[in-house]
Amino acid sequence: MKNALSEYCVLTACDGVEAVHVLEEHKDIDLLILDLDMPGMSGFQVLKFIKGDERLRDLRTIILTNNNEMDDENRGLELGAADYIRKPLNVASLKARIDVHVSLLLAERALARQLNEQELAFEMVLNQLPSGIAIAHSYRQKRPDEAIVKMNSVFVELAGRKKEELVALGWTKITYPDDLKKEMKYFKKLKAGKIKYYMMDRRFVKPDGSIVWVHSIVAPFILPNSEQCGYICMIKDISDRKAIEEALSESERSKSVFLSHLPGLAYRCNYDREWTMQYVSEGCYSLTGYRPESLLNNRDLSYNDLICPEYREILWQEWERILAARQPFKYEYEIITATGEKKWVLEMGQGVYNDKGEVEALEGIVLDISDRKVIEDTLRYNNEHDRWTGLYNREYLVSLLEKDLKTEKKAKRALIGINLSMVQLLAANYGFLYTQNLIKKAADALSRHCSEKCILCQPRENRFVFYLFDYKDKQELVDFSGVIAETLESLFVTDRISWGIGILELEQDKHELDADLLLTKLSIASERYVGLFGRSFTICFYDEELEALVNREREIIEALNVIAADDDNNKDLFLQYQPIMCLKTGAISGFEALARLRTDKLGLVSPLEFIPLAEKTKLILPIGDKVIVKALRFLNKLKEHGYDNISVSINVSVAQLLSPAFTAKLFELINKMHINPKNIGIEITESVFTSDYDNINNVIERLRNAGLHIAIDDFGTGYSSLARENELKADYMKIDKYFVDKLMDANLKKVITSDIISISHKLGHCTIAEGVEHDNQLRYLKEHNCDRIQGYLISKPLDEEEAIEFLKKQAQKDRRTKRIKSNK
């Protein structure tokens with residue numbers, strides 16, 4: 001204020017006591033600016049002192065007050081002839097008020113000099129003053145002694161009317177109605193001598209209906225050369241100031257609306273370690289549980305006390321960095337509320353700098369983002385975890401591996417993969433939900449082995465991965481895998497399924513940075529020994545030997561792709577035929593067509609190698625079609641040599657059976673090549689029991705209706721069900737070599753091969769025993785009425801020409817046998 005009023009002589013006091021001392025010491029003070037809210041001695045007490053001092057009673061006073069201090073209008077009037085300004089202060093507004101008072105003082109002094117010295121005419125004085133001045137005998141109109149008698153040109157200009165019109169109308173007609181009621185109250189008190197003068201902001205109404213805001217001061221005035229007492233009114237145009245105040249009021253209203261709906265608090269604070277608050281909005285209470293005044297000047301606690309300890313130094317360092325670069329501040333952290341609850345907040349702010357570039361304060365807002373954090377945490381959890389098991393998923397594992405692979409760590413790390421793909425085979429018999437619950441049980445059981453150095457993830461359905469850190473050696477990995485195996489054995493013992501466990505050590509010297517490739521290698525290792533339930537536990541390390549095997553499989557798949565794309569003349573894929581003998585007649589009733597693969601690069605490849613790869617890559621569909629064509633050609637060759645009653649059995653995968661065009665294409669080939677359907681056998685494995693059983697049974701029925709015969713291969717070693725076996729519309733049941741080999745045991749009473757033959761016959765199926773290699777096996781099978789056999793005791797698999805030659809020799813042998821019987 002002192003700086004703004006530099007043109008005047010200004011004395012200051014820090015409180016009410018000092019103000020009284022200054023008033024007593026200086027006798028020539030013209031104007032007092034008084035704040036009602038002061039420490040120690042309040043403004044009301046100072047006013048009481050002034051009222052009791054006869055020398056100071058008429059002292060002009062401007063009172064600074066808050067809204068709540070002015071609620072009682074009568075109380076305000078008892079303070080005497082005072083002007084009121086509401087806080088917060090507008091310096092321009094304050095100076096304008098002071099200028100008005102100074103003008104009034106100048107007017108009074110000028111008039112006094114004029115009267116005393118009689119050097120200047122009264123009209124000259126009025127017109128030279130910068131403010132509008134009018135002198136009247138009374139405030140009322142109509143009676144001559146109540147009309148305006150004197151006014152200067154400034155008053156006329158502000159009122160917007162001619163002097164004569166103003167004299168005729170009086171003050172009441174040109175004052176805005178709402179302001180007139182208020183002024184009449186003041187005027188009555190002035191007239192009664194209760195107050196020395198009064199000031200107010202009011203509006204004049206111009207002839208065109210527009211208004212002009214003026215600040216007016218009304219006081220008693222004795223006219224020269226007259227004993228009559230009149231009143232003097234001084235006015236100053238404050239329209240611009242009112243426009244500014246209205247705009248400021250609207251701004252304050254908008255700010256109030258904004259702050260009331262702000263999910264947090266707004267602040268202005270010192271740049272110190274405690275973040276000492278100069279201003280805090282009302283949102284502080286809903287955010288922190290503390291009233292704003294509790295934080296002001298650290299009255300009860302500082303804002304730093306609210307910040308969680310782990311963030312305090314971080315925030316200080318971040319503000320230092322931001323302020324040095326003069327950038328906006330934005331940071332998320334946690335606070336502790338009055339109830340002890342932790343809340344996530346987002347602080348956005350900026351520095352306030354002085355002319356020297358020094359930080360004077362910090363201003364900003366602190367928003368409650370706890371709900372957003374909950375949503376973010378939920379989304380992050382869902383993105384990083386499997387919804388069914390709650391374990392970390394592939395995305396999390398890949399991101400963790402990529403992060404660790406880029407960081408050079410000396411500690412050993414390894415991945416242990418668990419392949420439970422065989423669980424899916426149970427879905428056909430028990431349903432999808434059963435297998436899902438089984439996976440959930442496995443996840444819960446495996447989770448018990450987690451620790452600080454071992455986390456469990458589920459990168460794929462029916463797959464689990466342990467990520468181990470800082471282990472001792474390879475033996476520790478083997479021991480840990482043994483513990484996992486024991487857990488799985490106890491869990492799956494009643495479901496008769498197996499699993500695979502693969503181990504991949506992450507070697508630093510190889511600098512393998514592809515997490516997806518690592519997981520692929522781990523998957524290969526875990527799939528290596530997945531088989532049927534009951535085998536001994538085996539783990540597989542992914543090493544150079546396995547990598548060579550993987551490369552070989554890749555080459556086999558490449559060869560299969562070439563075969564699938566070439567025409568039927570490709571010689572890499574060929575068939576061999578193993579004879580099937582009827583035990584009742586001793587004659588060869590047919591052959592089983594066995595696919596073989598031989599390339600220049602790989603040599604002869606076992607069916608146990610390339611058939612699973614063909615099924616895995618779906619190449620079994622085009623390759624299976626080529627096998628069928630080759631087998632049917634062989635049938636025609638047999639017919640050309642006179643073997644019309646010899647059948648050929650073709651192995652068909654479930655994928656082929658489920659192919660929509662399978663039966664139509666097969667029937668088309670049979671018709672095109674003029675094949676007797678009765679000479680064609682279709683062999684399918686027990687995997688049909690774990691597949692789309694009903695659809696497969698419908699396909700089998702269509703094939704049988706067309707004359708083809710159907711055989712179930714490898715019966716008894718997989719997932720056969722006697723109930724399903726009875727429903728399946730098959731002709732033959734092929735007894736797996738496993739049960740034929742059991743016939744070599746010393747105690748045949750424990751062998752169930754005869755029971756399988758008996759059950760098959762009761763179900764209406766013929767039986768074919770596979771892998772017969774010894775005479776005692778043959779005798780047992782004959783004794784227990786097995787229908788047919790095949791194996792090396794009869795013949796190894798033969799090429800086409802060898803098979804035809806075998807039939808010729810068998811025919812000659814049969815003729816010799818008949819002649820011997822005839823001679824006997």
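**Entry 1: ground rules.** I take helices (H or I, at least four residues) and strands (E, at least two) as DSSP runs, numbered from the N terminus. This is a predicted model, so I keep in mind that local features need pLDDT of at least 70 and side-chain atom pairs count only at pLDDT 80 or more, while totals for chains, interfaces and linings use all residues. Residues are numbered from 1 along each chain as its sequence is written, and side-chain values use heavy atoms, with hydrogens and water left out.

**Entry 2: L658.** I looked up L658 and found it in helix α24, residues 654-658. For the cut-offs, buried means under 20% relative accessible area, exposed means over 50%, and partly exposed lies in between, with a 1.4 Å probe and protein chains only. I also checked the distance to I696, which is 38 residues away along the chain: the two C-alpha atoms are separated by 6.7 Å.

**Entry 3: the whole chain.** I counted up the secondary structure and got 31 helices and 28 strands. Of the 824 residues in the chain, 45% are buried. Contact means heavy atoms within 4.5 Å. Taking contacts between residues at least 6 apart in sequence, I see that 61% join residues at least 24 apart.

**Entry 4: a three-stranded sheet.** I followed an open sheet with the order β1-β2-β3 and parallel pairing. Two strands pair if DSSP finds at least two bridges between them. β1 (31-35) and β3 (82-86) are the edges; each has a single partner strand, so one side of each is left without a neighbour in the sheet. From one strand to the next, the twist averages 20°. Axes here are lines fitted to C-alpha atoms, for helices over the stretch in contact, and angles run from 0 to 180 degrees between N-to-C directions. Strand β2 (residues 60-65) is joined to β3 by five bridges, and I62 has D83 in β3 as its bridge partner. Helix α2 (residues 43-52) packs on this sheet and touches β1 and β2, with its direction at about 150° to that of β1.

**Entry 5: a five-stranded sheet.** Next I traced an open sheet with antiparallel pairing, in the order β10-β9-β13-β12-β11. Its edge strands, β10 (277-280) and β11 (329-336), each pair on one side only. Direction ignored, neighbouring strands are turned by 25° against each other on average. β11 runs antiparallel to strand β12 (residues 342-353), and eight bridges join the two. I335 stands opposite K343 in β12. I then looked for helices on this sheet. Helix α14 (residues 309-325) lies across β9 (264-269), β11, β12 and β13 (359-368), running at about 165° to β11. Helix α15 (residues 370-384) packs on the sheet too, touching β11, β12 and β13, and its direction makes about 120° with that of β12.

**Entry 6: empty space.** Rolling a probe the size of a water molecule over the atoms shows where empty space is left. On a 1 Å grid over the protein atoms alone, a cavity is a set of points where a 1.4 Å probe fits but cannot get out, and lining residues have an atom within 4 Å of a point. How many cavities of 30 Å³ or more does the whole structure hold? My search found five. The largest cavity has a volume of about 60 Å³, a volume being the space filled by probe spheres set on the points, which are joined across faces, edges and corners. Its lining includes Y267, W275, W319, Y333 and E347. β9 and α14 each supply at least two residues of that lining. By class, the lining has 10 nonpolar, no polar and one charged residues; Ala, Val, Leu, Ile, Met, Phe, Trp, Tyr, Cys and Pro count as nonpolar, Asp, Glu, Lys and Arg as charged, and the others, Gly among them, as polar.

Entry 7: I found S760 in helix α29 (residues 753-762). S760 counts as buried because its relative accessible area is 0%. Leaving aside neighbours within four places in sequence, S760 is in contact with M733, H765, C766 and T767. β26 pairs in the parallel sense with strand β25 (residues 709-715) over three bridges, and M733 is the bridge partner of I712. Four bridges join β26 to strand β27 (residues 766-769), also parallel, with C766 in β27 as the bridge partner of Y732.

Key
1 Å grid on protein atoms, 1.4 Å probe; cavity = no way out; pocket = protein on both sides within 12 Å on 5 of 7 lines; lining within 4 Å.
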